[in-house]
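Student: I am new to this structure. Please take one part and look at it closely, then show me what lies around it and beyond it.

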Amino acid sequence: MCFPGRKSEKAGTSSKNTAKLQSSYTITDDTGLTLQFTEKPKRIVSYSISTDEILIALVKPERIVALSRLVDDPGVSSIVKEAKQIPNRVQGNSMEGVLAFKPDLVIIPDFHPPEMLQSARELGLKVYIYKTPSDIKRVKRSIRQIAALTGEKDKGEAIIAKMEARIKQVQQRLANIPASQRKRVIQLRSEGAFYAPDNSFGDVCRHAGVSDATLELKYPSAMEITQEKVVELNPDIIFVPDWDYDGKHNPDGEKRKILNNPSYQGMKAVQQGKVYTISGALVLTVSQYIADAVEEVAKMSYPEVFGKS
């Protein structure tokens with residue numbers, strides 16, 4: 001005997017199960033841990049400003065339950081306005097408070113302490129740990145990782161394509177500048193200049209048609225550079241980010257200190273007044289906004305090509 005509606009109910013259930021199976025996917029993080037998803041995560045927590053910026057571009061705000069505390073600081077965040085749609089913030093290394101958000105995904109960069117990462121997993125949270133990018137190639141890798149993680153691969157590729165197009169446009173405008181006329185620059189913050197053989201600012205410079213003079217040094221590891229060595233490098237331009245890790249954020253004061261420093265008076269950048277404040281939200285970013293950093297460094301270094309803005 002046939003019961004009307006019974007067959008269609010089973011078919012509907014089967015259809016739902018099939019759809020769920022088809023939407024399932026697995027992702028492996030940078031520690032080698034594989035995460036399995038039966039659907040796109042809908043309650044995401046982000047623990048870094050770079051991930052905040054990438055997520056906002058990839059998913060609808062209602063899929064994000066918390067962002068990092070730095071997202072509200074315009075000195076280091078390019079999404080202050082957009083972030084207002086997400087009310088919660090995370091900070092510090094304790095994971096217990098995150099449980100209240102009932103997240104189905106927590107994204108954490110690898111610079112956080114190992115014990116924090118371990119604690120998150122012990123609490124039963126689904127945690128994705130990624131390696132902090134140190135150049136534009138790795139930024140694109142991070143975007144692809146997070147796009148795959150959130151089930152938004154196509155959007156990730158669109159973001160990357162837009163980045164690449166902007167950087168290419170900058171490089172096309174700089175194509176006629178001969179190597180002998182390319183600028184050498186240094187980034188100085190309140191704690192001085194630093195050498196790191198693998199750093200995002202150096203890669204931004206390379207794409208912007210200038211060179212990070214600190215990379216001419218051959219130190220065995222990352223380290224602070226002495227004032228004497230900065231003078232010896234004698235850059236054409238000094239960039240001072242308008243945001244710093246010390247929390248003071250006083251770029252005008254830093255510029256005055258550099259311009260009035262007796263040790264720096266022989267440098268070309270100081271003699272010619274080419275000590276420029278630059279957006280920390282751009283030169284310190286490792287998200288898609290790194291393309292904006294390339295454009296900004298190029299414009300400030302070659303105003304004769306781009307015009308003053």
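Tutor: Asn234 is partly exposed, because its relative accessible area is 22%. (Buried means under 20% relative accessible area, exposed over 50%, and partly exposed in between, with a 1.4 Å probe and protein chains only.) This is a predicted model, in which local features need pLDDT of at least 70, side-chain atom pairs count only at pLDDT 80 or more, and totals for chains, interfaces and linings use all residues. Residues are numbered from 1 along each chain as its sequence is written, and side-chain values use heavy atoms, with hydrogens and water left out.

Asn234 sits in the loop between helix H8 (227-233) and strand E12 (237-241). Phi of Asn234 is positive, near 50°, and the residue is not glycine. Most residues other than glycine have a negative phi.

Lys102 is another case. Its phi is positive too, about 50°, and Lys102 is not a glycine. Lys102 belongs to the loop between strand E5 (88-90) and strand E6 (105-109). Lys102 counts as exposed, because its relative accessibility is 65%.

Stay in that loop for Asn93, which also lies between E5 and E6. At 44% relative accessibility, Asn93 counts as partly exposed. Beyond four places in sequence, Asn93 touches His112, Pro113 and Met116. (Contact means heavy atoms within 4.5 Å.) Pro113 is 20 residues from Asn93 along the chain, and their C-alpha atoms are separated by 7.5 Å.

Next, go back to strand E12. Tyr245 lies in the loop between E12 and helix H9 (251-260). Tyr245 counts as exposed, because its relative accessibility is 53%. Leaving out residues up to four places away in sequence, Tyr245 touches Arg189, Glu191 and Leu284.

(A volume is the space filled by probe spheres set on the points, which are joined across faces, edges and corners.) Helix H2 (49-58), strand E8 (184-187), strand E9 (193-195) and helix H7 (200-207) each give the lining at least two residues.

Look at H2 in turn. Nine of its ten residues are buried, which leaves the helix mostly covered. The buried residues include Ile49, Glu53 and Leu58. Glu53 and Tyr245 are 192 residues apart in sequence, and their C-alpha atoms are 19 Å apart.

Leu58 is in helix H2. It counts as buried, because its relative accessibility is 1%. Not counting residues up to four places away in sequence, Leu58 touches Ile146, Ala147, Thr150, Glu152, Lys155, Gly156 and Ile159. Glu254 is 196 residues from Leu58 along the chain, with 36 Å between their C-alpha atoms.

One more loop residue is Lys42. It lies between strand E2 (34-37) and strand E3 (44-46). Lys42 is partly exposed, because its relative accessible area is 46%. Leaving aside neighbours within four places in sequence, it is in contact with Glu62, Arg63, Ile64 and Asp104.

Finally, step back to the whole chain. Its secondary structure comes to 13 helices and 13 strands. The chain has 309 residues, and 46% of them count as buried. Its C-alpha atoms fill a box of roughly 100 × 45 × 35 Å along the principal axes. Among contacts with a separation of 6 or more, 62% join residues 24 or more positions apart.

How values were computed: Helix = DSSP H or I, 4+ residues; strand = E, 2+ residues; numbered from the N terminus.
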